[in-house]
Amino acid sequence: MNGPIVREGAVIDPAALKKPASPEGKPTVTVLDYGSGNVRSAVRALERAGAEVILSAKPADVLNADGLVVPGVGAFETVMRELKAVDGIRLIGRRVAGGRPVLAICVGLQVLFEAGVEHGTEAEGMGEWPGKVELLPAEVVPHMGWNTVKVPEGSKLFAGVEDERFYFVHSYGVQDWTFDVVQPRMAPPLVTWSEHGAPFIAAVENGPLCATQFHPEKSGDAGARLLRNWVNTLRKTPATDGSA
């Protein structure tokens, strides 16, 4: 392939369509840069977990990395709007459809569900999983601090840290799991729960798509082990053609 390529009105360097290579043979991870605050701690934590990490919203970077991390801080509706602004929803969907690993964190988990209700207003989510994000029925919100989780048998994400505590900062959560669709040759989703006023979803492992309500990058040694578990799953991930 020689010369520039015009795609959707943009001139693309052919070299950008190739999978980025780590000089040290590490798995490559892109942290999606769509305006979410405080992503530097996630970048550093992933680097310590053994990944070659970049912060980017470029389609080639998002699609070609071994793993994609979708952070999330703030309101459900705002995060959805910011993701749409960088074409993040389509790019995340393409990775998931192609079996390419994605890890979403905090509000990043919440927007994967059908809808979120905040201050009486309902906003549409990505709809990867059925369910609605709603205010936790607790005497004190936000739910801020360390909490235990109930991990299902067979979890790879929580291997070695099933009985540890993780750091949460949120007022809303998904309190019901109704996903009963099982795809051929795909194991059913594994759902991890925690509790604050009522049980809520703390994490989901669904094929290439994983998500945590808590912040692993702020969860000390337990969070570091969890991120290392996820990064280690990327080492056998095949490359894509990089098309956007």
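Predicted model: local features only at pLDDT ≥ 70, side-chain atom pairs only at ≥ 80, totals over all residues.

Reader: Let's start with the four strands that form an open sheet: in what order do they come?

Author: The order is β8-β7-β9-β12, and the pairing is mixed. At the edges stand β8 (121-124) and β12 (172-174). Each of those has a single partner strand, so one side of each is left without a neighbour in the sheet. From one strand to the next, the twist averages 20°.

Reader: And β9 with β12, parallel or antiparallel?

Author: Antiparallel, over three bridges. Within that pair, V133 stands opposite V174 in β12.

Reader: What does E134 touch, apart from its neighbours within four places in sequence?

Author: E134 is in contact with V117, S171, Y172, G173 and Q175. Also, the C-alpha atoms of E134 and V174 are separated by 6.4 Å, although the two residues are 40 apart along the chain.

Reader: Which helix lies across this sheet's strands β7, β8 and β9?

Author: That's α3, residues 76-85, and it runs at about 30° to β8. β7 there covers 113-118.

Reader: How does α3 pack with α4?

Author: Helix α4 is residues 88-97, and it packs with α3 at an angle of about 80°, with the axes 5 Å apart. The two helices are therefore roughly perpendicular to each other.

Reader: Which residues make that contact?

Author: From α3 you have M80, L83 and K84, and from α4 there are G88, I89 and I92. By class, that contact of α3 with α4 has four nonpolar residues, one polar and one charged.

Reader: Switching topic: what's the strand order in the seven-strand sheet?

Author: Seven strands form an open sheet in the order β4-β3-β5-β6-β15-β14-β13, again with mixed pairing. Here β4 (52-56) and β13 (190-195) stand at the edges. Both have a single partner strand, so one side of each has no neighbour in the sheet. The twist averages 20° from one strand to the next.

Reader: How many bridges join β3 to β4?

Author: Five, and the two strands run parallel; β3 is residues 28-32.

Reader: What about S56, buried or exposed?

Author: S56 is found in strand β4. Its relative accessibility is 7%, so S56 counts as buried, the cut-off being under 20%.

Reader: What does the side chain of S56 make a polar contact with?

Author: The side chain of D61, at 2.7 Å. Not counting residues up to four places away in sequence, S56 touches T30, V31, L32, D33, D61 and V62.

Reader: Last one, H143. What's around it?

Author: H143 is found in strand β10, residues 143-148. With a relative accessible area of 4%, H143 is buried. Leaving out residues up to four places away in sequence, H143 touches L136, F168, V169, H170, H196 and F200.

Reader: And which side chain makes a polar contact with the side chain of H143?

Author: The side chain of N147 does, at 3.2 Å.

Notes. Residues numbered from 1 in each chain as written. Heavy atoms only, no water. Contact = heavy atoms within 4.5 Å. Pairing = 2+ DSSP bridges. Axes fitted to C-alpha atoms, helices over the stretch in contact; angles between N-to-C directions. Buried < 20%, exposed > 50% of the residue type's maximum accessible area, 1.4 Å probe, protein only. Polar contact = N/O pair within 3.5 Å; in protein donor to acceptor, adjacent residues only side chain to side chain. Parallel < 35°, antiparallel > 145°, perpendicular 65-115°, else oblique. Nonpolar A, V, L, I, M, F, W, Y, C, P; charged D, E, K, R; others polar.
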